[in-house]
Amino acid sequence: MSLTAKCCRSVMAFRPNIFYPRRSCVLFSTSVSPADEGTAGSGSQKRRRRRQKKAAWTDDLSWEERLADAVTPLWRLSYEEQLELKQSNHRRILSELSGSLSPDLRSALPAPASAKLNFPVLPVLPSPVRDGYRNKSTFSVNRGVDGNPKTVGFYLGTASRGNIVCVNGDHLLNMPEKHTLVARCYQDFIRQSSLEPCLLFHTGGHWREVTVRTNAQGHTMAIVYFHPQMMTAEEVAVHKAELVEYFSRGPGSACQLDSLFFQESTMTRCTHEESPYQLLHGQPYLYEEVLGFKFRISADAFFQVNQAAAQVLYNTVRDLCVPGGAQSKTGSTLLDVCCGTGAIGIISSPRVDRVIGVEIIEQAVRDAAHNAALNNVENCEFLPGKAEVVLPALMSQLSSAPGVLTAVVNPSRAGLHPKVVRALRNQDAIRRLVYVSCKPDGEAMRNFKELCCAPNQEKKLTGDAFSPTLAVPVDMFPHTPHCELVLLFER
């Protein structure tokens with residue numbers, strides 16, 4: 001296996017003029033997706049952040065700087081400093097895992113903060129793109145600083161305190177100009193509309209958030225979320241037509257949308273199966289290329305938020321799953337759990353005989369099958385369903401299959417279901433497991449410990465324990481504290 005860590009780390013010295021030259025970082029609740037922008041820390045860190053939140057409303061920070069501190073809290077640091085901070089954080093997090101793997105049969109006692117790492121952690125692999133890297137952004141609708149309830153941006157404050165303010169995100173370092181243009185145009189549209197915004201479901205209103213997706217070629221998809229309340233389908237159709245007119249021939253045509261979707265939803269989040277995404281204008285999909293493979297992106301499909309860094313991530317994962325650039329090992333199988341639209345499996349497919357992906361979102365499974373065909377990949381199979389339901393039965397089939405079995409898992413922040421951990425742990429044929437986590441100090445840490453602990457009859461963990469042998473952080477989210485962590489387990 002060969003993973004280079006010698007990467008150029010240039011200093012990012014950009015300072016927006018609207019900000020004061022201060023170095024404090026004040027965190028607020030925001031509407032940014034927690035999968036990308038969540039925070040975590042020790043009890044003392046959480047208490048310190050609570051004090052910062054309380055004080056933030058009385059200091060001299062501008063609204064723009066407050067939002068930047070919430071969404072991109074490392075924006076004041078050079079990129080070199082950001083990487084050093086992330087490296088330190090990951091070494092601290094992984095020290096907890098090392099400490100739990102004590103010689104006395106992997107103690108279940110909490111690890112000391114000073115536990116020594118017993119496996120290498122490579123330097124953080126930097127993102128090739130540091131500014132404007134997001135290919136997906138969701139903008140909320142709420143009262144702005146001036147009190148206008150039809151303001152499109154990001155939240156500051158909390159609902160419990162009743163001090164939520166919506167602030168435009170044009171100045172954020174991670175936000176592409178195309179995304180903020182769509183947000184501004186959507187704000188203009190809903191301010192012209194006769195309908196009220198839906199700030200709280202139980203208080204009425206209709207216009208809700210907008211999601212913007214782009215690809216490396218600059219193609220743009222917008223998804224408008226709408227609460228129909230008691231409106232008839234005919235009444236909703238009138239406002240859909242106005243939306244299309246605005247973005248196709250009106251002032252919103254400046255956005256040059258390639259796709260405009262509309263979803264009627266009475267809940268905070270709905271899948272395509274629960275409430276179909278309606279294509280009002282343009283093409284049904286975007287396409288993105290990663291490491292020479294082309295991928296179709298549906299309105300609700302998961303795709304890494306930073307395309308350039310995704311190439312670094314997937315190249316790292318592929319090299320750990322099939323080290324040394326080995327090609328087509330006879331009988332080798334890659335089991336891809338939480339496979340999404342099939343990126344990891346398809347990219348790794350030339351190096352193995354067979355790829356089996358498991359994914360809960362049916363549309364993502366359809367996208368994965370399409371992506372395999374699009375790339376003339378014939379050795380991939382994608383199965384729909386909850387991993388905790390599909391995997392135990394699948395393992396009984398794989399146990400009798402010849403050749404090497406490798407697993408890769410890329411779950412959400414919630415981590416793997418205990419039944420999935422149990423199925424992976426108890427499948428002796430799996431000698432190598434690659435875990436990709438965007439939040440290793442959360443539920444993923446529980447997964448790590450259960451993969452590596454001594455056999456436990458009570459938890460039905462009967463297979464031989466895995467051991468962590470290499471950790472590789474990849475900076476998917478510049479200007480934030482977060483990374484994707486790729487952790488290799490072997491036994």
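This is a predicted model: local features need pLDDT of at least 70, side-chain atom pairs count only at pLDDT 80 or more; totals for chains, interfaces and linings use all residues.
Me: How are two packed helices described?
Reply: Two packed helices are described by the angle between their axes and the distance between the axes. Helices (H or I, at least four residues) and strands (E, at least two) are DSSP runs, numbered from the N terminus. Axes are lines fitted to C-alpha atoms, for helices over the stretch in contact, and angles run from 0 to 180 degrees between N-to-C directions. Here helix H4 (residues 79–100) packs on helix H12 (residues 443–452) at an angle of about 30 degrees, with the axes 10 Å apart. That makes H4 roughly parallel to H12 (angles under 35 degrees; over 145 is roughly antiparallel, 65 to 115 roughly perpendicular and the rest oblique).

Me: Which residues make the contact of H4 and H12?
Reply: Contact means heavy atoms within 4.5 Å. H4 brings Ile93, Glu96, Leu97 and Ser100, and H12 brings Met445, Phe448 and Lys449.

Me: At what angle does helix H11 pack against H12?
Reply: H11 (residues 418–425) and H12 pack at about 30 degrees, with their axes 10 Å apart. H11 and H12 are therefore roughly parallel to each other.

Me: In what order do the seven strands of the open sheet lie?
Reply: Two strands pair if DSSP finds at least two bridges between them. The order is E12-E11-E10-E13-E14-E16-E15, with mixed pairing. Strands E12 (380–384) and E15 (467–474) stand at the edges with a single partner strand each, so one side of each has no neighbour in the sheet. Within the sheet, E10 (residues 333–337) and E13 (residues 405–409) pair in the parallel sense over five bridges. Leu335 has Ala407 in E13 as its bridge partner.

Me: How many aromatic pairs does the structure hold?
Reply: Rings of Phe, Tyr and Trp (its six-membered ring) pair if their centres lie within 6.5 Å; planes under 30 degrees apart count as stacked, over 60 as edge-to-face and the rest as tilted. The structure holds eight such pairs. The ring centres of Phe139 and Phe154 are 5.1 Å apart and their planes stand at 45 degrees, so this pair is tilted. Phe139 lies in strand E1 (residues 136–142) and Phe154 in strand E2 (residues 151–156), so the pair ties together parts 15 residues apart in sequence.

Notes
Residues are numbered from 1 along each chain as its sequence is written. Side-chain values use heavy atoms; hydrogens and water are left out.
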